[in-house]
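Let's take a walk through this model, stopping at a handful of side chains along the way. Keep the viewer open and follow along.

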Amino acid sequence: MAQAIPDHQIPEHKTLTVVRQKETLGAAEDLDFGLELLRRARTGHLGPTLRLYRPRPTVAFGQRDANLPGFAVAADACRERGFEPLVRKAGGRAAAYHEGTLVIDHVEPHPDAIVRAKARFSEFGELLAGALRSVGVHAAVGEIPGEYCPGEFSVHGQDPDFPAHQIKLIGTAQRVVSGGWLFSSVVVVENSGPIREVLTASYAALGLDWDPATAGAANDLLPHLDVPAVEEAVIKAYADYAEIVDGDFRSLLA
C-alpha cells in the first residue's frame with residue numbers, strides 16, 4: 001500500500017485539483033507550462049493543483065550542463081535519437097523522458113514557500129515510492145551509486161530476484177518562488193531502452209561519469225506494468241495528502 005504522510009503533516013481541509021493532460025502541448029511548451037501554473041499559483045489565480053501528462057521525447061538538461069563545452073554535441077546526439085534537448089530552470093543534471101513516462105507537476109500557493117522546501121523532497125519521494133509499491137514494485141527513496149541526474153531523494157527500484165540490481169525510477173525537482181512552489185516528478189514506467197541510449201550519448205558528450213545500468217523503467221522490474229496503472233496509483237497516494245478534486249485540463253488553457 002502507498003505510504004501515508006503522517007497526520008501532523010497533512011494540511012487541514014486541503015483540496016488538490018487533479019488535471020490529466022491527455023495530449024502534449026509540445027516538448028518545450030509542456031516544460032514551460034509548469035512554470036506558468038506556478039506563476040498563477042503565486043499570484044493567487046490557481047489553488048493547489050496536480051497536473052499529470054505523458055511527454056514527448058525530451059532530454060531536460062540542467063543549467064550546469066548547458067555551460068559545458070560538450071553541450072552542443074550532446075544536444076545533437078539527442079536530436080539524432082528523436083529527443084528534444086531543452087534546458088530546465090531547476091538544478092541537477094540531464095534527465096530523459098518520453099511517452100512511457102509520467103510527468104507530475106504539483107503546484108501550490110504559499111505565503112512562505114521556502115519553509116519546508118527540503119522536507120517536500122523527502123515527503124513526496126516517500127509518497128511516490130509508496131505509489132509504486134502499491135502496484136508491486138520494490139521501491140524506496142535514496143540515491144544509488146552512478147545514477148543519472150543524482151539526487152538524495154530519487155526513487156529507485158530493486159529487482160527482487162537480484163537485489164544488487166537497483167535502477168532509478170523517479171527523479172524530482174523543485175522550484176520555489178515568492179508566493180508558491182512547483183514540485184515536479186518524472187516516473188519512468190515503460191520502454192527504458194531509448195532513455196538509456198540517449199543518456200549514454202549525452203553524458204559521454206558532456207564528459208560526465210555515470211552507470212548506464214542504473215537507468216531503467218518500472219516495467220523492467222514488473223513486466224506488463226503501464227503508465228495508466230501508475231497514474232492511478234499516484235492519484236490514490238495523493239489522497240493521503242489532500243482531498244482529491246477532479247479538474248479539466250482544458251480550463252487551464254483558457
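Helices here are DSSP runs of H or I with at least four residues, strands are E runs of at least two, and both are numbered from the N terminus. Keep in mind that this is a predicted model.

His224 counts as exposed, because its relative accessible area is 80% and the cut-off for exposed is over 50%.

Arg116 does something of that kind: it is not a glycine, yet it has a positive phi of about 65°. You'll find Arg116 in the loop between S6 and H4. With a relative accessible area of 40%, Arg116 is partly exposed. Ile114 is in the loop between strand S6 (101-109) and helix H4 (117-134) too, and at 58% relative accessibility it counts as exposed. Together with Val115 and Val176, Ile114 makes a nonpolar surface patch of about 230 Å².

Now for the charged pairs. Side chains of opposite charge can pair when their charged atoms come close. A search of the whole structure turns up 16 salt bridges. One of them joins Asp105 and Arg51, with the closest N and O atoms 2.8 Å apart. Asp105 belongs to strand S6 and Arg51 to strand S2 (residues 49-53), so this pair links distant parts of the chain, 54 residues apart. Are these two partners buried or exposed? Asp105 is buried, at a relative accessible area of 5%, and Arg51 is buried as well, at 0%.

Compare that with Asp76 and Arg79, whose side chains meet in a salt bridge of 3.0 Å, N to O. Both residues lie in helix H3 (residues 71-80), 3 residues apart, or about one turn of the helix. Asp76 is partly exposed at 41%, and Arg79 is partly exposed at 48%.

Another salt bridge brings together the side chains of Arg81 and Glu197, at 3.5 Å from N to O. Arg81 lies in the loop between H3 and strand S4 (84-87) while Glu197 is in helix H5, so the pair ties together parts that are 116 residues apart in sequence. Arg81 counts as partly exposed, at 33% relative accessibility, and Glu197 does too, at 47%. Elsewhere, salt bridges that share partners join Arg20, Glu231 and Glu232 into one network.

Lys14 is the next stop, in the segment before strand S1 (15-21). Which side chain does Lys14 meet in a polar contact of 2.6 Å? The partner is Glu108. Leaving aside residues up to four places away in sequence, Lys14 touches Pro48, Glu108, Tyr241, Ala242 and Glu243. Lys14 is buried, with a relative accessible area of 17%.

Tyr241 also turns up among the aromatics: ring pairs link Phe121, Phe124, Phe153, Trp181, Phe183, Tyr238 and Tyr241 into a cluster. In total, the structure holds 11 aromatic pairs. One of them is Phe33 with Phe249, edge-to-face, at 5.7 Å centre to centre and 70° between the planes. Phe33 lies in helix H1 (residues 27-42) and Phe249 in the segment after strand S11 (243-246), so the pair ties together parts that are 216 residues apart in sequence. Both Phe33 and Phe249 are buried.

Ser251 is found in the segment after S11 as well, and its side chain reaches the backbone oxygen of Asp248 at 2.6 Å.

Finish at Tyr203 in helix H5 (residues 192-206). Tyr203 is buried, at 2% relative accessibility. A polar atom of its side chain lies 2.9 Å from the backbone nitrogen of Cys149. Not counting residues up to four places away in sequence, Tyr203 touches Arg93, Ala94, Tyr148, Cys149, Leu208 and Trp210. As for Arg93, it is 110 residues from Tyr203 in sequence and 9.2 Å away in space, C-alpha to C-alpha.

Key. Residues numbered from 1 in each chain as written. Heavy atoms only, no water. Patch = residues over 30% accessible without salt bridge, like charges linked within 9 Å, V, L, I, M, F, W, Y side chains within 5 Å. Areas by Shrake-Rupley, 256 points an atom, 1.4 Å probe, with all protein chains shown as cover. Salt bridge = Lys/Arg side-chain N within 4 Å of Asp/Glu carboxyl O. Buried < 20%, exposed > 50% of the residue type's maximum accessible area, 1.4 Å probe, protein only. Polar contact = N/O pair within 3.5 Å; in protein donor to acceptor, adjacent residues only side chain to side chain. Contact = heavy atoms within 4.5 Å. Phe/Tyr/Trp six-rings, centres within 6.5 Å; stacked < 30°, edge-to-face > 60°.
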